[in-house]
Protein chains: 2
Amino acid sequence: MGLTFVTTNMGKANEVRSLLRALGIEIDVRAVKLTEIQSDSLEEISMRSCEEAYGVLGEPVFVEDAGLFIERLNGFPGPYSSYVYRTIGNAGILKLMAGEENRVAYFKSCIAYKLSGKPVKMFSGVCVGRISHEPRGSGGFGFDPIFMPEEGDGRTFAEMEIEEKNAISHRGKAVRAFAEWLKLTR
Amino acid sequence: MGLTFVTTNMGKANEVRSLLRALGIEIDVRAVKLTEIQSDSLEEISMRSCEEAYGVLGEPVFVEDAGLFIERLNGFPGPYSSYVYRTIGNAGILKLMAGEENRVAYFKSCIAYKLSGKPVKMFSGVCVGRISHEPRGSGGFGFDPIFMPEEGDGRTFAEMEIEEKNAISHRGKAVRAFAEWLKLTR
């Protein structure tokens with residue numbers, strides 16, 4: 001059975017491909033631009049995008065949506081992380097966090113998968129950490145240079161090898177939950 | 001013919017009602033929660049919301065969507081102004097703008113109107129101004145306390161009476177364009 005991942009973000013495509021390949025699952029990546037709704041819930045956004053992707057492609061598809069939720073900023077940038085990254089970027093987040101002691105944040109990933117004749121199935125993963133005081137590293141993408149995962153040694157996601165990041169990241173957790181379920185149901 | 005404005009924002013409902021009443025047009029306000037899509041285009045967001053509102057209510061409806069676009073922040077918060085206001089608020093915008101000389105910004109309003117058997121009709125208005133250095137005033141709503149319109153005397157929208165704001169605001173311009181069109185076609 002083919003498994004198609006729909007995304008226009010190549011950093012995300014590479015991570016998900018590498019994660020699933022390590023679990024013996026190959027994917028096709030299709031860069032279809034989908035509608036995302038405005039919602040505070042990543043689950044709702046990815047479920048709706050997945051239904052749209054399935055409607056367009058007519059084959060088993062999954063999508064992934066992720067966001068960075070900063071406690072001191074009431075969850076900002078959350079589901080709008082991609083837009084916020086494109087506009088104010090890491091520099092903007094660091095400016096907003098200047099002088100803030102509470103730097104707790106988490107990344108969350110939601111995967112939505114749709115198979116013919118079935119409702120959308122959801123998987124998620126969370127990675128708790130802290131916002132750094134300056135951007136560090138050149139790996140990963142998006143807010144990775146300013147996020148230091150709790151389960152780490154103080155380096156940011158962008159300072160880690162992809163395998164290292166994948167082992168502890170929100171996306172790694174969501175993808176592994178998805179892969180386990182796929183193996184059980186195949 | 002009844003004219004229904006769909007919004008859950010009561011500040012917005014009051015402004016639009018007062019603007020249209022001054023032009024001899026009465027409206028019904030219905031607080032239906034609509035889906036908003038993620039898009040950099042207010043036009044696209046309001047058009048899709050309007051189609052949904054029409055689908056739900058089955059009568060002539062209009063919606064309005066607005067955003068604050070700050071030049072130095074690449075248009076941020078733009079179409080996500082409501083979310084950004086709820087999370088980082090005026091204090092967050094002022095922190096992002098600390099030390100910035102270029103404080104140019106504009107508010108934009110888009111109205112989408114749907115009448116039975118017709119495509120959605122769009123109207124828009126823009127108000128150019130600057131971001132203040134501190135919040136001032138208690139009128140209006142949202143980012144009004146930090147926006148000083150160009151066509152003014154240095155006061156923020158929140159320091160003006162509603163009639164004063166309406167005379168120069170983005171929303172005032174969009175509503176007047178809408179009202180003129182309504183009068184021509186009725």
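Strand β6 (residues 104–114) of chain A pairs with strand β7 (residues 121–131) of chain A. The sense is antiparallel, and the pairing runs over 10 bridges. Strands here are DSSP runs of E with at least two residues, helices are runs of H or I with at least four, and both are numbered from the N terminus. Two strands count as paired if DSSP finds at least two bridges between them. Within this pairing, A112(A) stands opposite M122(A) in β7(A). β6(A) and β7(A) form a hairpin with six residues between them. In the turn, G117(A) has a positive phi of about 75°.

β7(A) also pairs with strand β8 (residues 147–149) of chain A. This pairing is antiparallel too, over three bridges. G129(A) stands opposite P149(A) in β8(A). In a regular strand, side chains alternate between the two faces of the sheet.

The model is predicted: local features need pLDDT of at least 70, side-chain atom pairs count only at pLDDT 80 or more, and totals for chains, interfaces and linings use all residues. Residues are numbered from 1 along each chain as its sequence is written, while chains are lettered from A and ligands numbered from 1 in the order in which they are written.

Now take chain A as a whole. It has six helices and eight strands. Along the sequence, they follow the pattern β-α-β-β-α-β-β-α-α-β-β-β-α-α. The radius of gyration of chain A is 16 Å, close to the 16 Å that the globule rule gives for 186 residues, so chain A is as compact as a globular protein of that length. That radius is taken over C-alpha atoms, and the rule is 2.2 Å times the number of residues to the power 0.38. Along the principal axes, the C-alpha atoms of chain A fill a box of roughly 50 × 30 × 25 Å.

Some backbone details deserve a look. The peptide bond from F76(A) to P77(A) is cis, with omega near 0°. P77(A) sits in strand β5 (residues 77–78) of chain A. In chain B, a cis peptide bond joins F76(B) and P77(B), with omega about -5°. P77(B) belongs to strand β5 (residues 77–78) of chain B. N74(A) lies in the loop between β4 (61–70) and β5 of chain A. Phi of N74(A) is near 55°, a positive value in a residue other than glycine.

Next, the two chains together. Two copies of a chain are related by a rotation about an axis and a shift along it. Here chain B can be laid on chain A with an RMSD of 0.0 Å, by a turn of 180° and a shift of 0.0 Å along the axis. That is the relation of a two-fold axis. In chain B, the C-alpha nearest the axis belongs to I37(B), 1.9 Å from it. The superposition is by least squares on the C-alpha atoms of residues with pLDDT of at least 70 in both copies.

The interface follows. 15 residues of chain B are in contact with 15 residues of chain A. Contact means that the C-beta atoms, placed from the backbone, lie within 7 Å. On the chain B side, the elements giving two or more residues are β3 (36–38), α3 (81–87) and α4 of chain B. By class, that side has seven nonpolar, six polar and two charged residues. Ala, Val, Leu, Ile, Met, Phe, Trp, Tyr, Cys and Pro count as nonpolar, Asp, Glu, Lys and Arg as charged, and the others, Gly among them, as polar. 100% of the interface residues of chain B are also interface residues in chain A, so the copies meet through the same surface.

Strand β3 (residues 36–38) of chain A and β3(B) pair in the antiparallel sense over three bridges. The bridge partner of E36(A) in β3(B) is Q38(B).

Helices meet here as well. G92(A), K95(A) and L96(A) in α4(A) meet G92(B), K95(B) and L96(B) in α4(B).

Definitions and conventions
Contact = placed C-beta atoms within 7 Å.
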